[in-house]
Amino acid sequence: MDCLFCKIIEGSIPSNKVFENENIVAFHDIQPAAPIHVLIIPKVHIASMNEVSPENMPIIAEIHQVAQKLAVDLGIAESGFRLINNCGRDGEQTVHHIHFHLLGGAKLGALTGISNSHQ
Ligand code: 5GP
Ligand code: ZN
């Protein structure tokens with residue numbers, strides 16, 4: 001499958017991994033939007049939140065467990081962080097393999113709303 005994150009999982013595209021188990025991989029975002037910016041993804045290809053089903057929902061729960069652990073490991077649990085999923089066109093999802101952004105290490109700006117380019 002021609003999917004950037006599937007290639008990162010299989011290792012044909014390099015990444016700076018911070019976590020891996022049988023179900024999940026986490027790695028530093030190539031264009032960090034905060035001092036800590038990690039992407040947490042399932043190894044199974046799920047395109048977006050729209051494709052999450054009762055069968056694969058446990059992996060979404062496990063991603064949250066991994067996010068909690070990584071926040072501790074990366075030293076941002078106490079200071080706080082944001083866990084974000086962008087879905088679809090209006091959500092500005094650019095990679096169509098579901099992923100959760102773990103952001104922290106500085107006070108983050110307000111959540112953005114409607115962008116001018118999308119009005
Ligand atoms: P989205 O906008 O789809 O929610 O987020 C996709 C994220 O993937 C972006 O933050 C972008 O910087 C990141 N990204 C895109 N290509 C690569 C890559 O080749 N390697 C890594 N580590 N991150 C990538
Ligand atoms: Zn994929």
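**Pocket, metal site and charged pairs**

Trainee: Which helix gives the most to the lining of the largest pocket?
Mentor: Keeping in mind that this is a predicted model, the answer is helix 1, which gives the most to that lining, with 3 residues.

Trainee: And what else supplies at least two residues of the lining?
Mentor: Besides helix 1, which covers residues 4-10, at least two residues each come from strand 2 (24-28), strand 3 (36-42), strand 4 (81-84) and strand 5 (100-104).

Trainee: How much space lies in that largest pocket?
Mentor: The space in the largest pocket comes to about 910 Å³. The lining is made up of 35 residues, and those closest to the centre of the pocket are Ile84, Asn86, Gly91, Glu92 and His101.

Trainee: How many of the lining residues are nonpolar, polar and charged?
Mentor: Sorted by class, the lining of the largest pocket holds 16 nonpolar residues and 15 polar ones, together with 4 charged residues.

Trainee: Switching to the metal, what coordinates the zinc ion (ligand 2)?
Mentor: The zinc ion (ligand 2) is held by the SG atoms of Cys3 and Cys6 and by the ND1 atoms of His45 and His97, at 2.0 to 2.3 Å. The site is tetrahedral, with angles of 102 to 116 degrees among the 4 donor atoms.

Trainee: How are those donor residues spaced in sequence?
Mentor: They follow the pattern C-x2-C-x38-H-x51-H. Cys3 lies in the segment before helix 1, while His97 lies in the loop between strand 4 and strand 5, so this pair ties together parts that are 94 residues apart in sequence.

Trainee: Are Cys3 and His97 buried or exposed?
Mentor: Cys3 counts as buried, at 5% relative accessibility, and His97 also counts as buried, at 0%.

Trainee: OK, new topic: how many salt bridges does the structure hold?
Mentor: There are 5 salt bridges in the structure. As background, side chains of opposite charge can pair when their charged atoms come close.

Trainee: Which residues are linked in a network?
Mentor: Lys17, Glu20 and Lys43 are linked in a network of salt bridges. Glu20 pairs with Lys17, where the closest N and O atoms are 3.8 Å apart, and Glu20 also meets Lys43, with an N to O distance of 2.9 Å. Because Lys43 sits in the loop between strand 3 and helix 2 (57-73) and Glu20 in strand 1 (residues 17-20), the latter pair ties together parts that are 23 residues apart in sequence.

Trainee: What about the relative accessible area of Glu20, Lys17 and Lys43?
Mentor: Glu20 is partly exposed, with a relative accessible area of 42%; Lys17 is partly exposed at 34%, and Lys43 is partly exposed at 27%.

Trainee: Which residue forms a salt bridge with Lys69?
Mentor: That partner is Asp73, with the closest N and O atoms 2.7 Å apart. Asp73 and Lys69 are 4 residues apart in helix 2, which means that about one helical turn separates them. Asp73 is partly exposed, with a relative accessible area of 48%, and Lys69 is partly exposed as well, at 39%.

Technical notes: Residues are numbered from 1 along each chain as its sequence is written. Chains are lettered from A and ligands numbered from 1 in the order in which they are written. This is a predicted model: local features need pLDDT of at least 70, side-chain atom pairs count only at pLDDT 80 or more; totals for chains, interfaces and linings use all residues. Side-chain values use heavy atoms; hydrogens and water are left out. On a 1 Å grid over the protein atoms alone, a cavity is a set of points where a 1.4 Å probe fits but cannot get out, and a pocket is an open set with protein on both sides within 12 Å along at least five of seven lines; lining residues have an atom within 4 Å of a point. Grid points are joined across faces, edges and corners, and a volume is the space filled by probe spheres set on the points. Ala, Val, Leu, Ile, Met, Phe, Trp, Tyr, Cys and Pro count as nonpolar, Asp, Glu, Lys and Arg as charged, and the others, Gly among them, as polar. A salt bridge is a side-chain nitrogen of Lys or Arg within 4 Å of a carboxyl oxygen of Asp or Glu. Buried means under 20% relative accessible area, exposed over 50%, partly exposed in between (1.4 Å probe, protein chains only). Donors are N, O and S atoms within 2.8 Å of the metal (3.2 Å for Na, K and Ca); water is not among the atoms, so sites may look incomplete. Four donors count as tetrahedral if all angles lie between 85 and 135 degrees; four count as square planar and six as octahedral if opposite donors are over 155 degrees apart and all others between 65 and 115; anything else is irregular.
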